[in-house]
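Dear colleague,

Please find the structure below, handed over for your own work. The findings follow it.

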Amino acid sequence: MMKKKSISASKASLVFFLCQMISALDVPLDSKLLEELSQPPTITQQSPKDYIVDPRENIVIQCEAKGKPPPSFSWTRNGTHFDIDKDEQVTMKPNSGTLVINIMNGGKAEAYEGVYQCTARNERGAAISNNIVIRPSRSPLWTKEKLEPNQVREGDSLVLHCRPPVGLPPPIIFWMDNAFQRLPQSERVSQGLNGDLYFSNVQPEDTREDYICYARFNHTQTIQQKQPISVKVFSMDSLNDTIAANLSDTDIYGAKPVTERPPILLTPTGTTSNKVELRGNVLLLECIAAGLPTPVIRWIKEGGELPANRTFFENFKKTLKIIDVSEADSGNYKCIARNILGSTHHVISVTVKAAPYWITAPRNLVLSPGEDGTLICRANGNPKPSISWLANGVPIAIAPEDPSRKVDGDTIIFSAVQERSSAVYQCNASNEYGYLLANAFVNVLAEPPRILTPANKLYQVILDSPALIDCAYFGSPKPEIEWFKGVKGSILRGNEYVFHDNGTLEIPAAQKDSTGTYTCVARNELGKIQNEVQLEVKDPTMIIKQPEYKVIQRYGHVSFECIIKHDSTLIPTVIWLKDNDELPDDERFLVGKDNLTIMNVTDKDDGTYTCIVNTTLDSVSASAVLTVVARPNPPFDLELTGQLERSIELSWIPGDENNSPITSFVIEYEDGLHEPGVWHYQTEVPGSQTTVQLKLSPYVNYSFRVIAVNEIGRSQPSEPSEQYLTKSANPDENPSNVQGIGSEPDNLVITWESLKGFQSNGPGLQYKVSWRQKDVDDEWTSVVVANVSKYIVSGTPTFVPYEIKVQALNDLGYAPEPSEVIGHSGEDLPMVAPGNVQVHVINSTLAKVHWDPVPLKSVRGHLQGYKVYYWKVQSLSRRSKRHIEKKILTFRGNKTFGMLPGLEPYSSYKLNVRVVNGKGEGPASPDKVFKTPEGVPSSPSFLKITNPTLDSLTLEWGSPTHPNGVLISYILKFQPINNTHELGPLVEIRIPANESSLILKNLNYSTRYKFYFNAQTSVGSGSQITEEAVTIMDEAMASRQVDIATQGWFIGLMCAVALLILILLIVCFIRRNKGGKYPVKEKEDAHADPEIQPMKEDDGTFGEYRLFSFVSSAPF
């Protein structure tokens, strides 16, 4: 993180130079600057300290360095100068210190073993490499030895020793057979860290003659093999047979059987041992035990826990592995071997030592003349390392004196350095386990300021985000940096800016007014330089319509929107991701300008979809989840348990709910005995239930299936369960909906709903039909029928009640006693008409009719009601005959009155009444005559207004279509209407009924009138008809009105009035300017112009307008 400071900070500190140092391990300066500045050598690449080489290949010892001027290279071998020019097998690469020793062309690698060190030197100092120890790898052959066969008793332990030749580096050991197959290893048989093969106990299958130990030398890519080792295991049975064959019957013989033994350790031996390991290495501890049964190994750390995340167990827990060990891992580690007969243990005391490691390695130092600085070299280790300093590769004690340098243990202090103080210093930290060597140069430079940021560089940032404007610089002494905005702007200060040590100007939250030119000025005592850069502030990219959570059914279409708003100068790119990965390569995914559409959605499309909008400056994203739902998958694994005669338990496993919870399960059954292939609803249970107790019927071959239901719909049915056939039994129930209704006057038809197949409860389903006449002391008559649902009883009296019952039976017996129902034999037409029919007229359109009921015996059936037939005979106001249309009103039940609506007034009617049963209608009662009184008439059939004159209109009309009585008169009402549709006074005229026209006189000319016209009987007035008409205008009057504006006298009068007003205004203006007052009103009254007096009276010219005003303002 960059350190912040004020622009007015004092002289540059050491921290700046550490940030700007010329080092292979740090951020380099500008490449052009590096070419110009002097720099002491820096080692950039070297071979490892312990360098094992292949003796068959050329030896390459690397040493690369950089510096200005480029460094020269030299080598030492075993502490003395190595003159490569005198050895034709050794060359140095051009512009490099890397040595190439030609072994492939006659040289021998053994001749070049030793300790090598490289020195890179230029005029500013010398850097040295580590001591590089060169050793050729070795892969010696196995020592020849005579191997005796191993004969061992079953159950004993065995160790096969490998003892590979000593190589450089040590070989990798593994055991194989003659077929080059690795020998199987287990808790019982395993390879130790030293390469030996350990048997905790041998078994007969361990007998073989090709146990071969291999050693692989990776550097030389060779594999050496030991001579095969033979192992023969004697079992107890074969050993006893051998002994028996060589002893007499009187001898005591017999080997002991295989006995179990407690664990003993094969390695390590004893109860304790010690182990030293270096910090950062891998700690390997091993315990292998013998015993029968095979012991199990367990590891603990005494007084602590095994380190988490760094502890591993290998070789069947026989090896404890701790990686990256530290001093904290020192302690006692106990391995415990245990079987059923006991246990043993071994304690390994671990001590962790440490080769030197850096706490603070020296860092390159760039100083200007007269400045101070320090080199710090701090290291740690166990034991603690010693620190020694060298200058340009020479121990500092014998190096040339430098008055600016003072050594204080692990620190070199520099004071008031000069250019000649430049040098490379080496720090060596060493103990008995190794050493560290670090080069750090002191480079004293005097350089004027340089700005490394390109001129006129354009920075673009998003509104409200930080703007970091660079001013990378270099100079010695360190330049001071100042920032300005604009060409003639003042120096930037204040809390709205942050000034960083590396010259960067930070605007924490850039605004639109931050746009512009910024100038960076760098100055030190050797000079001054400035650089201009540009800043543009852009509007942020925003997603104004984000994708939303969607739930879609499988195979549907779904669309996610991603509508964006962005700066007009930026080009956005929109990327869609699914579950933070690219969209599938599938043509179903359609990416539009501002949306993503997925066609034919499948289950695999379920997931999170993210819209990412990128510009060159910012990035925004929004996500939404797509949940694909579908009908559930069908349940499976149906199982029937708890089978009883009348119940069974069904269980199942639900299928996938497909993202929509299962709300219920529907259970259906099939009766394979009666209706194979037809599935019936059995029951429904909640979606959380996967078992159900089902009620069963006898004599049914059940199969069940289950259907899952969620909000989307029903699943496919499950596979059917196994079949379950219930035992036969008597019927549990009788037929339902039993009825007895005669179809003829002399029969009784008994019907019922047959039982379904599974309701029969057994084979041989039949029905026992029984009947007897009600309220008569008769015996039941019965008949047994099959495969029908109807039985007809003939020869019955007309419409008498019967008691009826129908009982089910099968081969096993009868159903319970059925309940009785009441039926009737067939009906016949009624024999008697209703009597005493009376009519009461309520008004001109409504009448009430009464009658006496018919005796029930004469009805001869179920009484359904009465029908009233009525019709209009004639109108009393018109004697003309008309077509007779009879109307019928039906009154249900045993009603004895009814209302007759919709009658015509002033008319003569007839009616009769008939009784109705299920068979039909009885005879009609005698016709009854009644009359309706007068009513109000309908509106006149028409109203016409003709012959308009100046003051009259002619009205003609037609009589009402339905007078509904005797007309006594007509009523005419009318009133004028002005141009604003306001109504004037209403006038009413009564006209005799025998008139059909009327002339209205004394009307106003050119006036619109509205007329209301209706007829009247003694009862009252009927509905009215309306019309409008207009009287015509007098042409002479109209002409005078039009011509008045063109008369000369009128024009002269208007001109005189205008002139008088003008004169008065002039006089008033003059008098006012003189300060006096002019009584205009008095003068006007005193000198009134007679020409204009008629304007006040206006007694004839505007008379028509006054009439209009009078008409419009008259009260209505």
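Leaving aside neighbours within four places in sequence, Lys318 is in contact with Ser186, Glu187, Arg188, Val189, Ser190, Leu285, Glu286, Cys287, Ile288, Ile297 and Trp299, where contact means heavy atoms within 4.5 Å. This is a predicted model, in which local features need pLDDT of at least 70, side-chain atom pairs count only at pLDDT 80 or more, and totals for chains, interfaces and linings use all residues. Residues are numbered from 1 along each chain as its sequence is written, and side-chain values use heavy atoms, with hydrogens and water left out.

Lys318 lies in the loop between strand S26 (311-314) and strand S27 (319-322); strands are DSSP runs of E, at least two residues, numbered from the N terminus.

As to confidence, the protein chain averages a pLDDT of 87, and 89% of the residues score at least 70; pLDDT is the predictor's confidence in each residue, from 0 to 100. Over residues 1075-1116 the pLDDT is below 50.

The largest nonpolar core has 30 residues; such a core is a set of buried Ala, Val, Leu, Ile, Met, Phe, Trp, Tyr and Cys residues joined through side-chain atoms within 4.5 Å. Ile59, Ile61, Trp75, Ile101, Tyr116 and Ile134 have the most contacts inside this core.

An open sheet of 5 strands, with mixed pairing, has the order S49-S57-S56-S52-S53; two strands pair if DSSP finds at least two bridges between them. Strands S49 (550-553) and S53 (581-582) stand at the edges with a single partner strand each, so one side of each lacks a neighbour in the sheet. Strands S52 (573-578) and S56 (607-614) run antiparallel and are joined by 6 bridges.

In the loop between S52 and S53 lies Asp579, which has a positive phi of about 55 degrees although it is not a glycine. Asp579 is partly exposed, at 42% relative accessible area.

Finally, a cis peptide bond joins Lys68 and Pro69, with omega about 5 degrees.

With kind regards

Conventions:
Helix = DSSP H or I, 4+ residues; strand = E, 2+ residues; numbered from the N terminus. Buried < 20%, exposed > 50% of the residue type's maximum accessible area, 1.4 Å probe, protein only.
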